[in-house]
Every structure is written in C-alpha cells, then in structure tokens.
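These notes are meant for a colleague who is opening this structure for the first time. Please read the points below with the model in view.

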Amino acid sequence: MLRWTITFIVLAIIAGLLGFTGIAAGAAGIAKILFIIFLVLFVLSLLFGKRFKA
C-alpha cells in the first residue's frame, strides 16, 4: 500500500511540474486517498496489534 502511495505522489509531483492538468489532479487525489487509507490501517495495526499479543 505504501508503494502505491509513493508512486502516485511522485506522479502528482511530475505532472505538477509539467503543468497542472487533469492527470495532476487525478494522481494527487488518488495519492491522498491511498495515504489516508494507509495511515488509518497503520494506526489500527498499532492499536490492535498490541491488544492481541500474549
């Protein structure tokens, strides 16, 4: 999941350097969504990972 986030962030930066077109906004939007999903899953794994360990 982190690999996809980094990929779309890099795509958004490159597209932004070339001009803010539709692909830049699309890549940035996807990168934001994936980053939020990754962040939520990371926090949940921290919380529940400690709870289930013996």
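1. Helices, as the word is used here, are DSSP runs of at least four residues, numbered from the N terminus. With that in mind, Gly 29 is found in helix 2, and the model in which it sits is a predicted one. Gly 29 is partly exposed, with a relative accessible area of 28%, a value that lies between the 20% below which a residue counts as buried and the 50% above which it counts as exposed.

2. As to the overall make-up, the protein has two helices and zero strands. Of its 54 residues, buried ones make up 17%, while the accessible surface comes to about 4,500 Å², with 80% of that surface belonging to carbon and sulfur atoms.

3. Helix 1 covers residues 2-18, and at 1.5 Å a residue its 17 residues should span 24 Å, which agrees with the 24 Å found between its end C-alpha atoms. The buried residues of this helix are Thr 5, Phe 8, Ala 12, Ala 15 and Gly 16. Seen down the axis of helix 1, these buried residues fall within an arc of 100°, and therefore they line one face of the helix. The face turned away from that buried side carries the exposed residues Arg 3, Leu 17 and Leu 18.

4. Which residues does Phe 8 contact, once its neighbours within four places in sequence are left aside? They are Ala 27, Ile 30, Ala 31 and Leu 34. Phe 8 has its place in helix 1, and it is counted as buried because its relative accessible area is 17%, which falls under the 20% cut-off. Between Phe 8 and Leu 34 there are 26 residues of separation in sequence, yet their C-alpha atoms are 8.7 Å apart in space.

5. Gly 29 and Ala 12 are 17 residues apart in sequence, and the distance from C-alpha to C-alpha is 8.7 Å. Ala 12 is one of the buried residues of helix 1, whereas Gly 29 is partly exposed.

6. A search of the whole structure finds one aromatic pair. Its members are Phe 38 and Phe 42, whose rings are stacked, lying 6.4 Å apart from centre to centre with 20° between their planes. Both residues lie in helix 2, which covers residues 22-52, and they are four residues apart, about one turn of the helix. An α-helix has 3.6 residues a turn, so residues three or four places apart point the same way. Phe 38 is partly exposed, with a relative accessible area of 26%, and Phe 42 is likewise partly exposed, with a value of 43%.

Note on methods:
Residues are numbered from 1 along each chain as its sequence is written. This is a predicted model: local features need pLDDT of at least 70, side-chain atom pairs count only at pLDDT 80 or more; totals for chains, interfaces and linings use all residues. Side-chain values use heavy atoms; hydrogens and water are left out. Rings of Phe, Tyr and Trp (its six-membered ring) pair if their centres lie within 6.5 Å; planes under 30 degrees apart count as stacked, over 60 as edge-to-face and the rest as tilted. Buried means under 20% relative accessible area, exposed over 50%, partly exposed in between (1.4 Å probe, protein chains only). Accessible areas come from the Shrake-Rupley method with a 1.4 Å probe; for residues, only the protein chains shown count as cover. The expected span of a helix is 1.5 Å times one less than its number of residues. The arc is that of the directions from the helix axis to the C-beta atoms. Contact means heavy atoms within 4.5 Å.
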